[in-house]
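Trainee: Please take one part of this model and look at it closely. Then connect that part to the rest.

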Amino acid sequence: MRRRRSVLPGFGLTLGVTLVYLSLLVLLPLAGLFLRSASLSAGEFFSAVASPRALAAYRLSFGASFAAASVNAVMGLVVAWVLVRYRFPGRGLADALVDLPFALPTAVAGITLTSLLAKTGWLGRVLEPLGIQVAYTPLGVAVALTFIGLPFVVRTLQPVLQDLDPEIEEAAASLGASRWLTFRRVLFPGLWPALVTGFALAFARAVGEYGSVVFISGNMPGRTEIAPLLIVTKLEQYDYAGATAIATTLLLISFGLLLGINALQRFGSHRLSGAGEAS
Amino acid sequence: MSTRPADWTLAAAPAPRAPASSALAEPPWLRRLLTAAALGFLGLFLVLPLVTVFAEAFSKGVGVYLDAISDPIALAAVRLTLLVAAISVPANAAFGVAAAWAIAKFEFRGKALLVTAIDLPFAVSPVVAGLIFVLLFGAQGIFGPWLREHDLKIIFAVPGIVLATTFITFPFVARELIPLMQEQGSEEEEAALSLGASGWQTFRRVTLPNISLGLLYGIVLLNARAMGEFGAVSVVSGHIRGVTNTLPLHVEILYNEYQSAAAFAAASLLALLALLTLVLKRILEWRMGRIARAA
């Protein structure tokens, strides 16, 4: 395994510990899922994965995740821009608060958003007369997923915004470009890989999210039931085959997203280092 | 031509982040609009929920709040949550240090694959993480019959909760330490070894002090997730009151029983943990930033 001789000791020990721990805790249990899935007949597998109820659950999970990640992409860009570029009282506090969705347990987020947006809640009371119902609708699912995904876009964009060379902006401005043109043609091309990465991270997190959604969604099969909840429901009905089949599908999609994000990040860092060499 | 010197002084101004020229900055109305939009969004999605947790927790008065958090079942949930964190946090921290040592200090084939594999748990839905352990150790699972014969219980018992939590929080410390140790290189360790220090001494006296802030940072994030995990734990716990209920599950049960104030009282403890996490995280970031500036 070792290719370059290092004088440091402990390679065998630490790599051994890493591989054993990783295999026992992560790889073998995941392999167990695929093994179990492979033991299902094709009929069993597809009747679970492609049932109307499962298809509705995927549609909701992916649709609401896409909507939430899109809101986060737009608002995350605004938040990151304001936090990096502008100085105002409370900026440090706002910046620290961005991580709240990472730190707040999802169940707490779930019951809190539900009580805010239910008919009697502080926000629900305002929205209800306008004919907007959020709690127990697909919109509520999207709101919970927006909360969960909020830090991803901001935190991927912030370091990139910070490292942007002010000289290229100055050059664009001195050549007569308007502020909007500078943003669109000079700044945005440097930002979009990070923006897409943040979007993908928020989307991937939202697709698997459970805790914050189950309270606000109302869990009506075919209407507000997300894919992870359908897995739990099948398990509670002792339908292990169905739960396994849907979980395998979800897992494969998540792995695809992970690989895509890794590729994006590599692409983004190449672009950035390329730009750095050019300047 | 006459504007040229003015432009030069602008470019040389010591605050490049706040350019005064109108072509280099958004007009004031747009700045105000963007700031208002950003703060409005954060206020609506972050501050308002945070306030709501405490407002709901105290909505029936301080007496109900104190009763709810001193209830024996709530205390049992707190104890279980602490126990689970006390196992999964050190286990994953030790693993993270070992993995970072192997990955950052040595070159070997398959390293990129190993790094991706360590990230896997972040890509797995918490519900699926719970399910894989049910499929292994549940009554219908691969090891189910064997466990029953030996009168062992993993699923719907504490070991299952520990396993699921450890799985979910697996990458936190490794992720933090790998880039940090890669950046630091191995020169200091090599110097210590050439001066006659043993491998263990080198790790304790040279590496550990260098990575201590990053390690703490990873542990803070790991701990927050371990204590707050809901989806994975809810699949394997079985929701046995006072026995297999962690604090987040206790919140769920109370909420579903329409004991809203009590649910939010328990939730407020978790919200306090989240706030403490944010404060510690900020302090560590600040100290790490200071060290980077001094270097």
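**Chain A, close up**

Mentor: Start with the contacts of chain A. Among those between residues at least 6 apart in sequence, 79% join residues at least 24 apart. Here two residues are in contact if their C-beta atoms, placed from the backbone, lie within 7 Å. This is a predicted model: local features need pLDDT of at least 70, side-chain atom pairs count only at pLDDT 80 or more, and totals for chains, interfaces and linings use all residues. Residues are numbered from 1 along each chain as its sequence is written, while chains are lettered from A and ligands numbered from 1 in the order in which they are written. The model scores ipTM 0.89 and pTM 0.89.

Chain A has 13 helices and zero strands. Both are DSSP runs, numbered from the N terminus: helices are H or I with at least four residues, strands are E with at least two. The C-alpha trace of chain A spans about 70 × 65 × 30 Å along its principal axes. Of its 279 residues, 47% count as buried. Buried means 20 or more other C-beta atoms within 10 Å of a residue's own; exposed means 12 or fewer; partly exposed lies in between; the C-beta atoms are placed from the backbone.

Now helix 6 of chain A, residues 106-117. Its 12 residues should span 16 Å at 1.5 Å a residue, and its end C-alpha atoms are 16 Å apart, which agrees. The expected span is 1.5 Å times one less than the number of residues.

Next, a backbone detail. A:Tyr136 is not a glycine, yet has a positive phi of about 65°. It sits in the loop between helix 7 (124-127) and helix 8 (138-163) of chain A. A:Tyr136 counts as buried because it has 20 C-beta neighbours inside 10 Å.

B:Tyr258 has a positive phi near 60° and is not a glycine. Its loop runs between helix 13 (247-256) and helix 14 (260-294) of chain B. B:Tyr258 is exposed, with 8 other C-beta atoms within 10 Å.

The two chains meet. The contact takes 80 residues from chain A and 81 residues from chain B. Helix 2 (residues 28-57) of chain B gives the largest share of that chain's side, 16 residues. By class, the side of chain B that touches chain A has 55 nonpolar, 12 polar and 14 charged residues. Ala, Val, Leu, Ile, Met, Phe, Trp, Tyr, Cys and Pro count as nonpolar; Asp, Glu, Lys and Arg as charged; the others, Gly among them, as polar.

Helix 5 (residues 111-123) of chain B has 13 residues and should span 18 Å at 1.5 Å a residue; its end C-alpha atoms are 19 Å apart, which agrees. Its buried residues are B:Leu114, B:Ile118, B:Pro121 and B:Ala123.

Last, confidence. Chain B has a mean pLDDT of 89, and 90% of its residues reach 70 or more. pLDDT is the predictor's confidence in each residue, from 0 to 100. Over residues 1-20 of chain B the pLDDT is below 50, and beyond near neighbours in sequence this stretch has 10 contacts in the model.
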